[in-house]
Amino acid sequence: MKSMHFHKFLWMFIASMFLFFSCGNSEDITPIPIPDTIPIDTVSTVDTTSLKKVSPFPFGAALNVYLLKNNTKYRSTVIKEFNSVTPENAMKMKNISLGRGLYNWTDADYIVDFAQQNGMRIHGHALVWYKSTPDWVTNFVGTKEDWKQILHEYIVAVVGKYKGKISSWDVLNEAINDDGTSRDCVWLQNIGIEYIDLCFQYAREADPDVLLFYNEYGTEYSSAKRTAVNKLVNDLIGRSIPIDGIGLQMHTSIARSNSDIQNAITVAAQTGLKIHVAEFDIKVNPDKLQDITYNATLAAAQKEKYKVAAKALFDLPTTQRYGFTFWGVCDTNSWIPAEYGCPDWPLPFDSDYNRKDAYYGILEGLK
Ligand code: G3I
């Protein structure tokens, strides 16, 4: 009983001291910021600015399931900054399709659940890509009708599985060469050029509401490819083949001119379709130097490219601004150093998930 009285007294004393000091300095009291929905130990809760709050169209990143599960800074940065996600690898045919009628949904489901729990839009990537053809498909032997059948089975299974959950799909990825000709692939060899129509038709059959994209790289450096993409898309539109948007990957570098970046976006927009800057990153080491360090000059050059691309999308009619997606979150999870065999820092967050100048370039581009 004695101890209860002592504690009561102690708390009253502490409370009255708190009131005394705080009332005496009332004009100095600054409101405590309301924490964002991110863990306190990872990303700053003081600065509540984020790309998703500032931008009039969705911002997102290609997500790596392993990092999402195991790296708290990665996960909390994604939650804080983005309202759109693209699975970097989890929805590719090689990852999902283990054999005819055999599917591995584990990683794809993880991303879908994560995005839904955090109110994010999901962009599926990619139903058909020549680089992600499982061995069982490459080795398949059959007639043209048999090939159509396996294409149909796969697309209907995947699009149907996520019907109502996924907003949009890269239905076909990289079907055109840099010189504007059709890229060789097993589908072209076994079905003929009609395979392109079928990809979009099968996807539409499986989900009448999902948005269907053609995704391509290199339209910022190849005018032949730029022309060929618009020709393909306009041909699809003209024949009432369902298509809603163009994804421009934009894996480019500080060596690319501003006008090339702008031109890729404005020319694709002439089709009237939605434009997704779908896999954006900016290399600062296009010459593949081994002894390079990231410095203020490179950061400024990179910032400018981020700004130019964001502004070019921002300047399109509202209905055509589908979104802007980075291919990775921070520099250490970019695909570029491993692919090109040299150091690079292509993304808007540094290796510790701090915002780089590139991030602020985006904000400037949205004004
Ligand atoms: O997960 C396995 C691991 O278990 C294994 O030990 C290791 C050995 O190589 O491979 C790991 O898988 C790799 C995977 O990335 C995850 O890191 C694959 O080999 C590798 O091929 C795969 O690369 C991906 C590449 O597409 C091919 O699918 C990149 O992460 C991904 O960024 C890249 O993304 C493409 C877009 O889909 C289309 N546009 C171009 C873009 C860049 O190439």
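The structure is a predicted model, in which local features need pLDDT of at least 70, side-chain atom pairs count only at pLDDT 80 or more, and totals for chains, interfaces and linings use all residues. Residues are numbered from 1 along each chain as its sequence is written.

**Exercise 1.** Work out what helix H11 should span, and state which of its residues are buried.

Helices (H or I, at least four residues) and strands (E, at least two) are DSSP runs, numbered from the N terminus. The expected span is 1.5 Å times one less than the number of residues. H11 holds 16 residues, 223–238, so it should span 22 Å, and its end C-alpha atoms, 22 Å apart, agree with this. A residue is buried if 20 or more other C-beta atoms, placed from the backbone, lie within 10 Å of its own; in H11 these are Lys225, Arg226, Ala228, Val229, Leu232 and Val233.

**Exercise 2.** Find the strands that pair with E6, and describe its burial.

Two strands pair if DSSP finds at least two bridges between them. Strand E5 (residues 121–129) pairs with E6 in the parallel sense over 5 bridges, with histidine 123 bridged to serine 168 in E6. E7 also runs parallel to E6, joined by 5 bridges, and asparagine 173 stands opposite asparagine 215 in E7. Of the 6 residues of E6 (168–173), 6 are buried.

**Exercise 3.** Classify the residues around the ligand.

The shell, whose C-beta atoms, placed from the backbone, lie within 6 Å of the ligand, includes Asn173, Tyr217 and Trp335. By class, the shell has 2 nonpolar, 4 polar and 3 charged residues, where Ala, Val, Leu, Ile, Met, Phe, Trp, Tyr, Cys and Pro count as nonpolar, Asp, Glu, Lys and Arg as charged, and the others, Gly among them, as polar.

Key
Buried ≥ 20, exposed ≤ 12 C-beta atoms within 10 Å, placed from the backbone.
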